Amino acid sequence: MSQEQPRRPSDQQSAGGGGGEQDAVRYGDVFPAVSGGLAEKPIAPQDAATMQSAENLVFGQTLRGGPAAAMQSAATTNERMGIVGHDQATDATAVQGVTVSETRVPGGRIVTEFVAGQAVGQYLARDDAAGAGVAGNTKVTIGEALEATALAAGDEPMERSDAAAIQAAEARATGLDANVPGGLAAQAQSAAAANAWAERDVDKTTLGDVLANATAQLVADKPVESADALRVAGAENRNRGDGTARPGGVAASMAAAARLNRDEAVWDQ
């Protein structure tokens with residue numbers, strides 16, 4: 001289950017791309033995984049305020065060391081340099097807003113924060129009721145981690161790196177060296193191949209299309225361990241052009257689940 005709280009800046013004034021200001025702190029500087037036009041945008045005060053509002057709405061506070069705090073620091077720097085005004089918001093966030101997505105998993109929750117549709121951070125929080133640790137059958141399984149990916153990055157088109165990660169995850173869950181006929185890995189590889197030829201994004205198969213019911217589609221499942229997360233991360237990174245994991249993707253969700261199973265709670269950026 002996930003709950004989302006989209007928030008948008010209330011101010012109508014928005015900042016553009018920062019013009020020729022070379023010293024601006026941009027989204028790409030603070031969040032390396034951000035791409036496209038957003039990466040070149042200077043972080044504006046109302047962007048940070050909106051993210052703070054979203055975090056407060058979901059958690060009751062601004063998370064220490066989280067995206068809102070990082071954005072506030074960057075926005076303060078940009079404002080002091082005169083690059084943005086106090087009441088300004090980046091045009092991308094003014095239109096698309098920010099979102100905090102909370103995915104429930106056994107023993108806790110996986111929280112992903114988005115700016116203009118791009119993931120900028122992921123948080124692992126253990127439920128207080130879980131006691132001193134996540135034990136026994138309350139641990140997050142590989143299937144559940146894959147379903148968390150469907151919620152965090154479900155609208156993203158399936159790529160070759162995603163298919164490789166899913167193949168590695170399925171192999172770790174089942175203990176089989178070969179793909180299960182009609183299984184998750186086979187579906188993901190078929191989707192990635194078809195997407196490579198699709199001219200329009202609307203025609204592409206997404207991560208959510210394949211992973212929404214991952215647990216039911218696995219012939220076997222197991223709790224996520226560190227070795228599982230490392231194997232999946234290696235497969236995903238080797239097949240991505242920049243050698244990094246997709247924010248909120250399969251490797252990120254597996255790593256999150258492994259940490260939660262070890263009773264840890266940290267930010268990934």
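Asp162 is buried, with a relative accessible area of 0%, where buried stands for under 20% relative accessible area with a 1.4 Å probe and protein chains only. This residue lies in helix H6, helices being DSSP runs of H or I with at least four residues, strands being E runs of at least two, and both being numbered from the N terminus. Leaving aside residues up to four places away in sequence, Asp162 touches Pro157, Leu207, Arg246 and Val250, a contact being heavy atoms within 4.5 Å.

The model is predicted, so that local features need pLDDT of at least 70 and side-chain atom pairs count only at pLDDT 80 or more, whereas totals for chains, interfaces and linings use all residues. Residues are numbered from 1 along each chain as its sequence is written, and side-chain values use heavy atoms, with hydrogens and water left out.

Helix H7 (residues 184–197) has 14 residues and should span 20 Å at 1.5 Å a residue, which agrees with its end C-alpha atoms being 20 Å apart; the expected span is 1.5 Å times one less than the number of residues. The buried residues of H7 are Leu184, Ala185, Ala188, Ala191, Ala192 and Asn195. They cover an arc of only 125 degrees around the axis, which puts them on the same side of H7, the arc being that of the directions from the helix axis to the C-beta atoms. The helices against which these buried residues pack are tabulated here.

| Helix packed against by H7 | Residues |
|---|---|
| helix H5 | residues 142–152 |
| helix H6 | residues 160–174 |
| helix H8 | residues 207–211 |
| helix H9 | residues 214–217 |

Ala116, in the loop between strand E5 (108–115) and strand E6 (118–126), has a positive phi of about 50 degrees although it is not a glycine, and Ala116 is buried, with a relative accessible area of 10%.

Definitions and conventions. Buried < 20%, exposed > 50% of the residue type's maximum accessible area, 1.4 Å probe, protein only.
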